[in-house]
Amino acid sequence: MGHPPSHDNILPKRIILVRHGESEGNLDGTAYTTTPDNQIPLTPHGIEQARLAGERIRRVVSNDGRSQNWKVYFYVSPYQRTRSTLREIGRSFPRNRILGVREECRVREQDFGNFQVEERMKATKSAREKFGRFFFRFPEGESAADVFDRLSSFLESLWRDIDMKRLVHHRRCDDEINLVIVSHGLALRVFLMKWFKWTVEQFENLNNLCNCESRVIQLGAGGEYSLAIHHSEEELIQWGLSPEMIADQKWRAKANKGDWKDKCSWYLDTFFDHLPSVPCHSSSSDSDDNGNIPCDQNEEKENNAIAAAECR
């Protein structure tokens, strides 16, 4: 997430990730052999999906009409199918509820190369399954790791926009700000990976979003963002989150901002499972015969771990 803003009262209440509607490429892979990926249009069904998605998103951000001070700000990939999706989503929102919209190239689709030869692409995708989705780079294209790098840059810019109040302008501080990002399946999975600091292994187990499906990252009362506020445990399981990841989402939903979690299993257990647990007690030496660390020195090491791992 980069560096969180210092002004809590202007944090977005929700960040909603939306995949584009059904495209011609989703129906027929040969479309990519004659049409540049960025120019692939939506199907009529994709247009209808986007309209329905707009209605669902409006119900979410307005809390089914109970909220009176909600606003939305949109980010959209420059591809035709995402722009068309946003256009249809926008039909559900009156002008006075829209703070703005920005075309953002860094949330574009993973680059698979230029015109895609169908048989070659099938063989390439088969090789990707053996190699691993995150690090496999398409010839003349990108890997998911490359997408991670540009999305990391986007998140830094996003936090600056929030911290400097570029999204709200003269709006009241009590407005409920909702960010909606219309993008692509892999890019949105990578966004979640970066946001919640998931590992490569955890990313590999995530399932792709369906067309016009969304993920709602919502701010909890304690100042942490979580998927578990809006979404059920059954949904999180369906999306490929492990029991440890789900437990973390539930913790985030109620945690106070900046709290240090006693155990962040995919950072601590994965690398330091050989270390004994550390009870907190006083001692004049660096450690006792069992390798336990005194309270004061343990606190310093814990603070260092927080800064290094950034894992709450």
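**Strand S4 and its neighbours**

Select strand S2 (residues 70–76) together with S4: the two pair in the parallel sense over 7 bridges. Strands here are DSSP runs of E with at least two residues, helices are runs of H or I with at least four, and both are numbered from the N terminus; two strands pair if DSSP finds at least two bridges between them. The model is a predicted one, in which local features need pLDDT of at least 70 and side-chain atom pairs count only at pLDDT 80 or more, whereas totals for chains, interfaces and linings use all residues. Residues are numbered from 1 along each chain as its sequence is written, and side-chain values use heavy atoms, with hydrogens and water left out.

Within this pairing, Val-72 stands opposite Asn-178 in S4.

**Helix H5**

Move to helix H5 (residues 144–163), which has 20 residues and reaches 28 Å from its first C-alpha to its last, close to the 28 Å expected at 1.5 Å a residue. The expected span is 1.5 Å times one less than the number of residues. At the start of H5, select Ser-143: one of its side-chain oxygens comes to within 3.3 Å of the backbone nitrogen of Ala-145. Finally, select Lys-165, which follows H5 and has a positive phi, near 60°.

Conventions
A polar contact is a pair of N or O atoms within 3.5 Å; within protein, one must be able to donate a hydrogen and the other to accept it, and residues adjacent in sequence count only if both atoms are side-chain atoms.
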